[in-house]
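Subject: The structure, and what turned up in it

Hi there,

Here is the structure I promised to pass on. Please have a look at it first, and then read on for my notes.

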Amino acid sequence: CAVVFLSEAYRDELLARYVPAGDREAIRKKSHVIPNGINAFWLGHKISREKLPDTQTIRIIFAGTIDRNKNAAVTAQACQLLINQGYSVTFTAVGSAADQRVYRQLQQYPFVKCLAKRPKEELITEYRKNDLFVMPSISETFGLVYAEAMTQGLPVIYTKGQGCDRQFEEGTVGYHVDCRNPREIADRVLDCMKNYAALSKNCCTFSERFNWDTIAQEYKNL
């Protein structure tokens, strides 16, 4: 038999938290990490942006429910820190406002633009207007939006130990962060901008990891 996990992070957490120490190695040997796939629309419209015209101007986007868990308010705090350092920053939050308190917090920042939830045919346009995808969720099972953003050449910033973490080697398509630390998020944004061409190219290339045809074959082989 086999056990399939969406990410290494959750495999390791389950083994450490719920499996007796004497059984962990036996379960680990049966374990396989196979991610979820994304809609073929995204893979059929891939692009990479290998050169930025101005690294002093940073355009950040997030797509998902506007609530406490997705942590967009902390992303806005990170943007403010970058602005205080002299960078020109915009932050676009796309999604339904499930938590009005968080929504009002975002609206207090003049550099934040909140947009209603968009279908994929419109969301792709918003992705292409921006440079980075930042979503330091408090908890994230997998996070398909990271993979969707990658198809558009957007480096991604995600939470350490959550669903997207360790899908790829750190610094390959983006960076993990402490979701409660706006300073660390701001620093990783700058790291992405310094190495933007390579990260964008990697995002476009490695987004094929989320092709359902490939994933289906992995399950068949298993």
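Which residues in α4 meet which residues in α8? From α4 they are V74, Q77, A78, L81 and L82, and from α8 they are P182, R183, I185, A186, V189 and L190. Contact here means heavy atoms within 4.5 Å. By class, this contact has nine nonpolar, one polar and one charged residues. (Ala, Val, Leu, Ile, Met, Phe, Trp, Tyr, Cys and Pro count as nonpolar, Asp, Glu, Lys and Arg as charged, and the others, Gly among them, as polar.)

Before the rest, a word on the source. This is a predicted model, in which local features need pLDDT of at least 70 and side-chain atom pairs count only at pLDDT 80 or more, while totals for chains, interfaces and linings use all residues. Residues are numbered from 1 along each chain as its sequence is written, and side-chain values use heavy atoms, with hydrogens and water left out.

The helix pair

Helix α4 covers residues 72-84, and helix α8 covers residues 182-194. Helices (H or I, at least four residues) and strands (E, at least two) are DSSP runs, numbered from the N terminus. The two helices pack at an angle of about 65°, with their axes 8 Å apart. Axes are lines fitted to C-alpha atoms, for helices over the stretch in contact, and angles run from 0 to 180 degrees between N-to-C directions. The α4/α8 crossing is right-handed, meaning that the near helix is turned clockwise from the far one by less than a right angle.

The sheet

α4 also lies across β3, β4, β5 and β6, and runs at about 170° to β4. These strands belong to an open sheet of six, in the order β5-β4-β3-β6-β7-β8, with parallel pairing. Two strands pair if DSSP finds at least two bridges between them. β5 and β8 are at the edges with a single partner strand each, so one side of each has no neighbour in the sheet. On average, neighbouring strands of this sheet are turned by 25° against each other, direction ignored.

Going through some of the pairs:

- β3 and β4 run parallel and are joined by seven bridges; I61 has T92 in β4 as its bridge partner.
- β4 (residues 88-94) and β5 (residues 112-115) pair in the parallel sense over four bridges, and A93 stands opposite C114 in β5.
- β3 and β6 also run parallel, with two bridges between them; I60 stands opposite L132 in β6.

One is made by β3, α4 and β4; another is made by β4, helix α5 (residues 100-107) and β5. Right-handed here means that, with the strands pointing away from the viewer, the path from the first strand over the helix to the second runs clockwise.

Some residues to look at

β3 is mostly covered, with five of its seven residues buried. Buried means under 20% relative accessible area, exposed over 50%, and partly exposed in between (1.4 Å probe, protein chains only). I61, in β3, is buried at a relative accessible area of 0%. Leaving aside neighbours within four places in sequence, I61 is in contact with residues including F91, T92, V94, Y127, L132 and L154.

S200 sits in helix α9 (residues 196-206) and is likewise buried, at 0%. Not counting residues up to four places away in sequence, S200 touches S48, R49, E50, G153 and P155.

R11, in helix α1 (residues 8-18), counts as buried at 13% relative accessibility. With residues up to four places away in sequence not counted, R11 touches F5, R28, S31, V33 and R166. R11 and S31 are 20 residues apart in sequence, and 7.9 Å apart in space from C-alpha to C-alpha.

Lastly, some backbone angles. Most residues other than glycine have a negative phi. R166, in the loop between β7 and β8, has a positive phi near 70° and is partly exposed, with a relative accessible area of 35%. N71, in the loop between β3 and α4, has a positive phi near 70° but is buried, at 8%.

Happy to talk any of this through.

Best wishes
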